[in-house]
Amino acid sequence: MNTPAAELPVVHLKIERRSNHPWIFQKMVEKPVAKPKPGSIVDIVDNTNHWVGRGFYNGHSRIALRVLTEDFEEAVDEAFFLRKIRAAVALRREMLRLDEVTDAWRVVHSEGDGLSGLVVDRYGDLLVVEFFSAGAFRYREWIYNALKECFPGCRFYSFAEEHVQKQESFDFRSPEPPAPSEITEYGLKFRASPGSGHKTGFFADQRDNREFLARFTKGKRVLDICCNSGGFAIYAKARGEAEEVIAIDLDEEILEVAEKNARLNHAKIKFVQADLFPYLRDAQQRKELFDVVILDPAKLTRDRDEVINALKKYNDMNKLAMQVIRPGGILLTCSCTGLVSEEEFLDMIRRAAFYAGRTVQILKVSGAGGDHPFMAHVKESRYLKAVFCRVD
């Protein structure tokens with residue numbers, strides 16, 4: 001085994017490393033005699049005594065190692081984070097040219113940009129930094145410095161969800177929420193309010209799907225189920241020239257955000273606080289029909305053991321949604337539950353159509369925009385499914 005230029009703690013694997021997936025689980029790792037602190041940068045050696053990588057170690061997490069580099073000559077230091085973040089920003093600005101259509105986009109998408117456990121979103125001059133690993137949190141000053149270089153004069157808001165802090169064994173109390181940021185997307189305006197209890201109150205991952213949906217809504221009657229901050233509803237009305245748009249959500253607070261967004265765009269939308277199940281059953285009883293229905297519920301589970309139950313719930317809500325669509329109408333159905341695969345989601349649509357007594361023609365299977373890339377060998381970064389269907 002070679003000796004690294006800078007001495008780091010060495011963590012040994014119980015197995016021979018035959019994968020390039022950045023996650024190495026606790027059961028595959030020998031317990032170090034001297035335990036590095038959660039998030040420490042370590043060298044990784046497999047059971048054949050070969051150096052195989054360098055990355056974050058966390059003896060408290062199910063994911064014990066997050067590999068950041070497999071190049072022995074590459075140090076994981078402040079310059080490393082600067083290079084990675086510069087490359088991520090260049091992808092969005094120079095290749096995807098996102099600044100031409102919006103000032104709200106994902107800057108860093110965790111494993112998709114080679115920075116495991118870090119997500120950064122841009123909302124105008126405001127950068128929202130979310131930590132999913134103790135390592136990203138531990139070296140946050142390096143991350144902030146790199147972001148400041150790429151976005152001079154930016155504001156920051158950082159947070160980590162409680163379940164992540166518990167799993168990764170770090171403590172972080174988020175600062176006071178910053179002033180909301182007004183952003184533009186395809187000429188429409190929205191307010192992003194991080195720290196409001198809804199992460200940001202705006203989801204940039206659906207940008208391309210919102211734009212595509214607006215092509216189907218001219219002169220149509222539209223129902224946006226689980227409307228959140230009103231993105232799809234506002235696109236349908238303000239960009240897609242829908243005749244009527246009704247948007248429902250159970251959360252009263254997020255509906256207030258949606259109403260403000262609608263006013264920003266002079267979009268007349270009827271917002272209704274309602275649970276989708278009784279609302280759709282009542283609509284069906286009244287024989288109320290819509291030309292376009294959007295169904296974009298929140299994540300249904302983080303627990304692998306609950307995937308079957310989540311699919312049953314998706315089946316129930318999609319069956320009801322299909323039953324209020326006029327023959328020949330459009331259904332956009334989405335899932336942001338990462339544990340539900342695209343194949344499972346499409347199979348659920350097939351079953352929901354059967355039970356609804358409808359025929360579904362799938363027009364497009366989509367996902368998050370290009371600013372949410374995923375590595376071919378790390379499918380976990382791919383979470384959003386968005387399926388455009390014609391329902392007869």
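Two strands count as paired if DSSP finds at least two bridges between them. Strands here are DSSP runs of E, at least two residues long, and helices are runs of H or I, at least four long, both numbered from the N terminus. By that rule, β17 and strand β18 (residues 385-391) are joined by 6 bridges and run antiparallel.

A word on the model itself. It is predicted, so local features need pLDDT of at least 70 and side-chain atom pairs count only at pLDDT 80 or more, while totals for chains, interfaces and linings use all residues. Residues are numbered from 1 along each chain as its sequence is written, and side-chain values use heavy atoms, with hydrogens and water left out.

Strands of a sheet pair through backbone hydrogen bonds, either parallel or antiparallel. In this case 7 strands make up an open sheet with mixed pairing, in the order β14-β13-β12-β15-β16-β18-β17. At its edges sit β14 (270-273) and β17 (360-366), each pairing on one side only. From one strand to the next, the twist averages 15°; angles run from 0 to 180 degrees between N-to-C directions, and axes are lines fitted to C-alpha atoms, for helices over the stretch in contact.

Helices pack on this sheet too. Helix α7 (residues 252-264) touches β13 (244-249) and β14, and its direction makes about 175° with that of β14. Contact here means heavy atoms within 4.5 Å. Helix α10 (residues 342-356) touches β16 (325-335), β17 and β18, with its direction at about 25° to that of β18.

Within the sheet, aspartate 291 is worth a look. This residue lies in strand β15 (residues 290-295) and counts as buried because its relative accessibility is 16%; buried means under 20% relative accessible area, exposed over 50%, and partly exposed in between, with a 1.4 Å probe and protein chains only. The side chain of aspartate 291 makes a polar contact of 2.9 Å with that of arginine 326. A polar atom of the aspartate 291 side chain also lies 2.8 Å from the backbone nitrogen of arginine 221. (A polar contact is a pair of N or O atoms within 3.5 Å; within protein, one must be able to donate a hydrogen and the other to accept it, and residues adjacent in sequence count only if both atoms are side-chain atoms.) Not counting residues up to four places away in sequence, the residues that aspartate 291 touches include Lys220, Ile325, Gly329 and Ile330.

Next come the helix pairs. The axes of helix α8 (residues 276-285) and helix α9 (residues 307-322) come within 9 Å and cross at roughly 30°. α8 and α9 are therefore roughly parallel to each other; the cut-offs are under 35 degrees for roughly parallel, over 145 for roughly antiparallel, 65 to 115 for roughly perpendicular, and oblique for the rest. Among the contact residues are Leu276, Phe277 and Leu280 of α8 and Met317 and Leu320 of α9.

For helix α1 (residues 78-95) and helix α3 (residues 140-150), the axes come within 9 Å and cross at roughly 40°, so α1 and α3 are oblique to each other. Isoleucine 143 has its place in helix α3 and, at 0% relative accessibility, counts as buried. Leaving aside neighbours within four places in sequence, isoleucine 143 is in contact with Phe81, Ile85, Leu118 and Ala136.
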